[in-house]
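Have the structure in view and go through the points in turn.

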Amino acid sequence: SGATIYQGVTCGIRSWSPGRASEYPRLGDDVVLYARASVLGGIEVGDRAVVGAHALVTHDLREESRAS
């Protein structure tokens, strides 16, 4: 449970308008987001996934996957 999020990480919606709260990313258990990574949109980051430094993620990541 929980996540490790390093400095300068952005998690958010891709564009703002009222009623779009479901478009925020959802992080699974034991996710690691390294420095300056951006995770955008209503996507799911699976359990134990790792997002590398400076990576841009706009699509779902399966559990235990890696994005760089």
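**Notes on the fold**

1. Start with the open sheet of three strands, which has the order 2-5-8 and parallel pairing. Strands 2 and 8 are the edge strands, each pairing on one side only. Strands here are DSSP runs of E with at least two residues, and helices are runs of H or I with at least four, numbered from the N terminus. Two strands pair if DSSP finds at least two bridges between them. In general, strands of a sheet pair through backbone hydrogen bonds, either parallel or antiparallel.

2. A word on what you are looking at: this is a predicted model, where local features need pLDDT of at least 70 and side-chain atom pairs count only at pLDDT 80 or more, while totals for chains, interfaces and linings use all residues. Residues are numbered from 1 along each chain as its sequence is written, and side-chain values use heavy atoms, with hydrogens and water left out.

3. Strand 5 and strand 8 are joined by two bridges in the parallel sense. To find the spot, look for Val39, whose bridge partner in strand 8 is Val57.

4. There is also an open sheet of four strands, in the order 1-4-7-9, and its pairing is parallel. Its edges are strand 1 (3-5) and strand 9 (66-67), each of which pairs on one side only. Inside it, strand 4 (residues 31-33) runs parallel to strand 7 (residues 50-51), and two bridges join them. Val32 is the residue standing opposite Val50 of strand 7.

5. Now step back to the whole chain. The protein has nine strands and zero helices. Its radius of gyration (taken over C-alpha atoms) is 11 Å, close to the 11 Å from the globule rule for 68 residues, so it is as compact as a globular protein of that length. That rule is 2.2 Å times the number of residues to the power 0.38. The C-alpha trace spans about 30 × 20 × 20 Å along its principal axes.

6. What is tucked away inside? Buried residues make up 35% of the 68 residues. Buried means under 20% relative accessible area, exposed means over 50%, and partly exposed is in between (1.4 Å probe, protein chains only). The largest nonpolar core has 12 residues, among them Val31, Leu33, Val39, Val51, Val57 and Leu61. Such a core is a set of buried Ala, Val, Leu, Ile, Met, Phe, Trp, Tyr and Cys residues joined through side-chain atoms within 4.5 Å.

7. Not counting residues up to four places away in sequence, Leu61 touches Glu44, Val45, Gly46, Val51 and Ala67. Contact means heavy atoms within 4.5 Å.

8. Gly46 itself sits in the loop between strand 6 (44-45) and strand 7, and at 9% relative accessibility Gly46 is buried. Setting aside neighbours within four places in sequence, the contacts of Gly46 are Gly28, Val31, Leu61, Arg62 and Glu63.

9. Ser65 lies in the loop between strand 8 (56-57) and strand 9. Beyond neighbours within four places in sequence, Ser65 contacts Arg48, Ala49 and Val50.

10. Which residues form the aromatic pair? Tyr6 and Tyr34 do, and they are stacked, at 5.1 Å centre to centre with 5° between the planes. Tyr6 is in the loop between strand 1 and strand 2 (10-12) and Tyr34 in the loop between strand 4 and strand 5 (38-40), so the pair ties together parts 28 residues apart in sequence. For the cut-offs, rings of Phe, Tyr and Trp (its six-membered ring) pair if their centres lie within 6.5 Å; planes under 30 degrees apart count as stacked, over 60 as edge-to-face and the rest as tilted. Tyr6 is partly exposed at 37% relative accessibility, and Tyr34 is partly exposed at 36%.

11. Last, check two backbone angles. Most residues other than glycine have a negative phi. Arg36, however, has a positive phi of about 65°, and His54 has a positive phi near 65°. Arg36 is in the loop between strand 4 and strand 5 and is exposed, at 51% relative accessible area. His54 is in the loop between strand 7 and strand 8 and is exposed, at 62%.
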